[in-house]
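Let's walk through this structure together, with the ligand as our guide.

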Amino acid sequence: MTKEIIIELDNVWKTYKMGTVEVHALRGMSLKVKKGEFLAIMGPSGSGKSTAMNMIGCLDIPTKGEIKLLGRDISTLHESDLAQIRGKKIGFIFQKFNLLNTLTAKENIMLPMTFQGIPREEREKKSEELLGLVELKDRMDHRPNELSGGQQQRVAIARSLSNSPDVILADEPTGNLDSTTGERVLDFLKKLHKEKGTTIVMVTHDKKIAEQAERIEFLKDGSIVKNL
Amino acid sequence: MIKDYFKVAIKNIFNRKLRSWLTMIGIFIGIAAVVALISLGSGMQKAITSQFGKIGANRISISPGGAIAGPLSENLGSGILYSSDVEAVRNVKGVEFATGPIAAYVELEFNKEIEYVALMAFDDDTKTLRYMEEMGLAEVEYGRQIKTGATREVILGNRIANDLFDKPIQVGNSIYVDNYKFNVVGIQKKSDSSMFDTVIRISKKTAEDLFERENPSNIFAKVDDNYEPTEVLGKLEKALRKEHNVDEGEEDFTIEIAADVIESFTRILTTVQILVISIAAISIVVGAVGITNTMYTAVLERTGEIGIMKAIGARNSDILTIFLIESGMLGLVGGLIGIFIGVGIGKAVEVIAKAAMNSNILQAHFPWYLILGSLLFSFLLGAIAGTMPAKQASKMNPIDALRYE
Ligand SMILES: Nc1ncnc2c1ncn2[C@@H]1O[C@H](COP(=O)(O)OP(=O)(O)OP(=O)(O)O)[C@@H](O)[C@H]1O
Ligand SMILES: [Mg+2]
């Protein structure tokens with residue numbers, strides 16, 4: 001039984017103009033991700049991995065080509081629609097954790113739900129549940145600067161799950177962590193994938209990390225290659 | 001949801017550095033000035049009209065000399081008013097009524113104690129009495145007014161009766177005025193102006209007979225309602241010039257009309273108000289620019305946060321709302337501090353005025369609409385001042401914002 005395709009990139013180009021110079025971050029990248037898949041993307045620095053992730057995550061639109069998310073072409077959508085998709089269908093995990101320093105762990109997890117207009121009680125319940133999932137319930141009132149890198153990344157994982165997204169996009173989630181902590185964070189992602197069947201796309205430099213995914217794709221100079 | 005945005009905004013405000021607060025001094029000053037001004041302004045207006053309103057717009061006061069003199073000042077200036085002047089004033093067409101009280105300093109003896117006080121003597125007919133009462137110069141609290149034709153009756157100013165001598169003087173007591181025995185028949189009500197609380201009052205006839213005084217210290221006149229006060233004023237001037245045999249511009253008397261005094265005071269008040277409002281307006285503009293400035297800084301400092309919020313689903317309108325609320329709250333806090341300062345200034349002026357004038361006619365009022373209006377105004381001001389930075393924040397490209405270091 002062939003599973004439904006959840007992400008589809010078809011000959012996607014992304015060109016940045018720096019004055020008169022044009023930088024082609026993506027040159028005709030094509031990729032298909034099936035629902036429930038755990039995909040790792042590897043590639044040298046500057047090969048366009050983050051650019052691709054941002055585009056899948058509706059943070060940016062391609063210069064050329066088509067991106068389909070859940071069967072819907074996103075390359076022509078309006079700002080507020082893109083924001084809606086980011087909020088409801090996508091969960092981001094960044095290398096730099098990207099938590100809001102003024103908010104506590106719990107509040108950080110609640111914030112995406114706030115943007116979706118979810119009532120307070122429900123937000124509190126869900127965020128505490130997610131804190132339990134990443135085993136940080138005892139740290140829920142701590143601010144990011146009172147947490148270790150690994151703990152911060154687990155809060156970020158919990159946050160990415162708050163609106164029960166269809167896809168988790170993790171751009172080098174272990175990049176700022178030592179290997180043991182990185183393994184721990186990865187375990188949570190694997191657990192998520194296994195237990196909830198969430199689709200995960202993860203960018204990494206680390207071959208050992210990548211090998212734990214179901215499939216690895218290689219990106220070089222803005223397009224998918226067989227191997228590096 | 002707006003409630004949650006308020007929470008985020010308040011968090012951000014508490015995380016601000018001191019320096020960003022300093023740029024808001026303009027708001028403090030502006031709002032403080034407005035609150036103090038408005039709270040005192042109505043009090044001041046009231047004080048002026050209550051002081052001068054008693055005299056009434058159709059009342060004329062003539063004093064000797066070229067300078068302004070009160071009803072109790074002695075004839076230090078070059079001019080003297082004569083009792084014949086009162087007659088002359090009465091004869092002017094349009095003058096309904098005129099009276100010329102006599103004023104003097106006298107020795108007052110009570111219970112073997114001697115004090116020197118001002119004496120005022122005016123006609124004891126009911127018309128004069130009513131006129132003086134209307135001016136607030138002859139209201140009796142205890143006892144009664146001097147009977148028409150009575151010779152040795154005296155009425156005491158409130159402070160003379162209560163404070164001047166070791167023992168308070170009461171109605172029915174006897175006192176000596178320049179060694180003549182008088183019977184105290186009444187004690188005046190405490191007046192708005194302490195000057196009239198230290199005066200004793202006898203009938204004009206008695207003053208003329210006993211103290212051989214006849215020249216009035218002032219002449220008070222009332223214009224008939226059917227005549228234009230300023231026209232009558234002109235005729236009066238002419239009549240008195242003739243009486244005193246002086247040319248125009250060389251008058252040894254001053255004629256004042258209450259309407260003029262009220263007007264000039266109101267003009268001064270308006271000038272002060274315009275001045276304070278201008279200062280307030282400038283301060284508020286400076287404060288608003290300060291808010292705009294710190295909000296631009298905040299947007300720059302929080303570029304990364306804006307990117308994060310967008311990545312987790314914030315729409316442009318959400319970011320706009322958050323930043324507008326934050327700048328509105330900044331304005332609100334500025335306004336709140338300004339209100340505290342303004343109320344402080346208002347109260348301080350009230351206390352100082354009370355001490356200086358020995359009366360509490362100048363009251364600072366803080367009506368709820370002033371406080372609420374100031375708060376609302378400062379919030380809106382902050383929000384407006386933050387509009388441009390908030391727009392900039394909301395339009396930020398999420399990727400650029402996330403990459404910003
Ligand atoms: N906003 C931008 N403006 C201009 N050039 C950009 C922008 N974003 C990316 N680039 C360029 O596009 C190319 C791809 O960048 P990208 O960040 O996608 O690489 P990456 O594979 O994620 O690299 P790394 O492993 O170092 O994170 C690079 O040459 C980068 O300089
Ligand atoms: Mg990258």
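A polar contact here is a pair of N or O atoms within 3.5 Å; within protein, one must be able to donate a hydrogen and the other to accept it, and residues adjacent in sequence count only if both atoms are side-chain atoms. You are looking at a predicted model, in which local features need pLDDT of at least 70, side-chain atom pairs count only at pLDDT 80 or more, and totals for chains, interfaces and linings use all residues. Residues are numbered from 1 along each chain as its sequence is written, chains are lettered from A and ligands numbered from 1 in the order in which they are written, and side-chain values use heavy atoms, leaving out hydrogens and water.

Let's start with where the ligand is. Ligand 1 lies between chains A and B. There are 16 residues around ligand 1 (a heavy atom within 4 Å), and A:Ser45, A:Lys49, A:Ser50, A:Thr51 and B:Arg403 come nearest.

Now for the contacts. On the chain A side, an N or O atom in the side chain of A:Ser45 is 2.5 Å from an oxygen atom of ligand 1, and a polar side-chain atom of A:Lys49 is 2.8 Å from an oxygen atom of the ligand. From chain B, a polar side-chain atom of B:Arg403 lies 2.7 Å from a nitrogen atom of ligand 1.

Which element gives the largest share of the shell around ligand 1? That is α1(A), with three residues; helices (H or I, at least four residues) and strands (E, at least two) are DSSP runs, numbered from the N terminus.

Finally, look at chain B as a whole. Its domain assignment (automatic or from a database) gives domain 1 (2-52 + 262-403) and domain 2 (57-258). The C-alpha centres of these two domains of chain B lie 52 Å apart.
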